[in-house]
Amino acid sequence: MVKNILIDNNVKAFLENELMGTVAPWRVTSGGFNPVRVIVSNLDYEASIKLIEEFNNSEPQEETDDWQQE
């Protein structure tokens, strides 16, 4: 989800250990703790932190059925 937030805001990001972190996390890190990491450029680091904090502090929005209304 974090990767998608960053990409939607024009920050290039990728996941390190995406496949192995979900299939066999204990092989990637000791005890399988935090096996997947989001990687961004040093130039985008501050903007990335702000976007993630903004997301974490935001209130959930109610879903609407606008797509069903014609």
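Student: What share of the contacts in the chain with a separation of 6 or more comes from residues 24 or more positions apart?

Tutor: This is a predicted model, in which local features need pLDDT of at least 70 and side-chain atom pairs count only at pLDDT 80 or more, while totals for chains, interfaces and linings use all residues. Residues are numbered from 1 along each chain as its sequence is written, and side-chain values use heavy atoms, with hydrogens and water left out. A contact means heavy atoms within 4.5 Å. Among the contacts in the chain with a separation of 6 or more, the share from residues 24 or more positions apart is 45%.

Student: In what order do the elements of the chain run from the N terminus on?

Tutor: Helices (H or I, at least four residues) and strands (E, at least two) are DSSP runs, numbered from the N terminus. The chain has 4 helices and 2 strands, and from the N terminus on their order is α-β-α-α-β-α.

Student: Is asparagine 10 buried or exposed?

Tutor: Asparagine 10 lies in the loop between helix H1 (2-8) and strand E1 (13-16), and has a positive phi of about 60° although it is not a glycine. Buried means under 20% relative accessible area, exposed over 50%, and partly exposed in between, with a 1.4 Å probe and protein chains only. Because its relative accessible area is 73%, asparagine 10 counts as exposed.

Student: What distance separates the C-alpha atoms of isoleucine 49 and leucine 6?

Tutor: Isoleucine 49 belongs to helix H4 (residues 45-57) and, at 29% relative accessibility, is partly exposed. Isoleucine 49 and leucine 6 are 43 residues apart along the chain, and their C-alpha atoms are separated by 9.6 Å.
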